[in-house]
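Morning, everyone. Please have the sequence and the model open side by side. I'll keep this brief.

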Amino acid sequence: MTENTQEDNMLAEEDLQQSGAAGSLDDRIGELEAQLKEAQAAVLYVKADGENIRRRAMDDIEKARKFALEKFSNELLAVKDSLDAALLIEAADVQSYKDGVQITTNQLASVFDKFNITEINPLGEKFDPNKHQAISMLENSGEPNTVTTVLQKGYTLNDRVLRPALVMVAK
């Protein structure tokens with residue numbers, strides 16, 4: 001019996017060790033599952049945060065596009081007001097109209113300067129197809145390929161052509 005008792009004790013000890021190992025294994029699995037849930041939650045948080053940043057950026061871009069001309073438009077309102085005031089004058093002579101148009105032109109030139117809009121007036125310059133649009137070529141004693149007449153001035157915005165100058169060029 002002593003032999004059986006020793007054997008039983010050894011088996012009981014092994015069972016305890018195995019059950020202890022199984023218990024610690026279950027604990028470890030629980031810990032890993034908790035870490036997995038935390039990692040999944042962190043990934044979802046980062047994904048949602050990225051989506052919010054993307055959405056805010058798109059909103060900012062849309063607002064910038066929508067209100068990009070706000071400053072320019074506000075500056076043009078003064079020019080419009082001057083033109084409206086000129087139309088309200090009842091007893092005016094040609095000189096007063098001319099003076100009013102000159103003041104309005106100066107206001108508009110000021111707005112253009114503020115927003116880097118520059119005039120292209122290429123009279124006497126070499127023809128440049130990037131800045132000029134030739135309407136016709138004229139027989140002329142001047143140098144060939146030179147702008148002889150400007151029919152309509154062109155304009156650039158920050159060195160980018162808004163409208164090419166309409167010109168006549170010497171043959």
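First, the ground rules. This is a predicted model, so local features need pLDDT of at least 70 and side-chain atom pairs count only at pLDDT 80 or more, while totals for chains, interfaces and linings use all residues. Residues are numbered from 1 along each chain as its sequence is written, and side-chain values use heavy atoms, with hydrogens and water left out.

Now the sheet. Helices (H or I, at least four residues) and strands (E, at least two) are DSSP runs, numbered from the N terminus. Strands pair if DSSP finds at least two bridges between them. Three strands make an open, antiparallel sheet, ordered E1-E4-E5. E1 (117–120) and E5 (160–163) are the edge strands, each with a single partner, so one side of each has no neighbour in the sheet. From one strand to the next, the twist averages 35 degrees. That angle is taken between N-to-C directions, from 0 to 180 degrees, with axes as lines fitted to C-alpha atoms, for helices over the stretch in contact. E4 (residues 154–157) and E5 pair antiparallel over three bridges. Tyr155 has Arg163 in E5 as its bridge partner.

Next, helix H3, residues 94–114. Its 21 residues should span 30 Å at 1.5 Å a residue, and the end C-alpha atoms are 30 Å apart, which agrees. The expected span is 1.5 Å times one less than the number of residues. Just after H3, Asn116 has a positive phi of about 60 degrees.

How many aromatic pairs does a search of the whole structure find? Two. Rings of Phe, Tyr and Trp (its six-membered ring) pair if their centres lie within 6.5 Å; planes under 30 degrees apart are stacked, over 60 edge-to-face, the rest tilted. Phe72 and Phe115 have ring centres 5.2 Å apart and planes at 90 degrees, so they are edge-to-face. Phe72 sits in helix H2 (residues 70–88) and Phe115 in the loop between H3 and E1, so the pair ties together parts 43 residues apart in sequence. Phe112 and Tyr155 are also edge-to-face, at 5.8 Å centre to centre and 75 degrees between planes. This pair links helix H3 to strand E4.

Last, the core. A nonpolar core is a set of buried Ala, Val, Leu, Ile, Met, Phe, Trp, Tyr and Cys residues joined through side-chain atoms within 4.5 Å. Buried means under 20% relative accessible area, exposed over 50%, partly exposed in between (1.4 Å probe, protein chains only). The largest one holds Ile120, Val147, Ala165, Val167 and Val169. Strand E6 (residues 165–170) gives the most, three residues.
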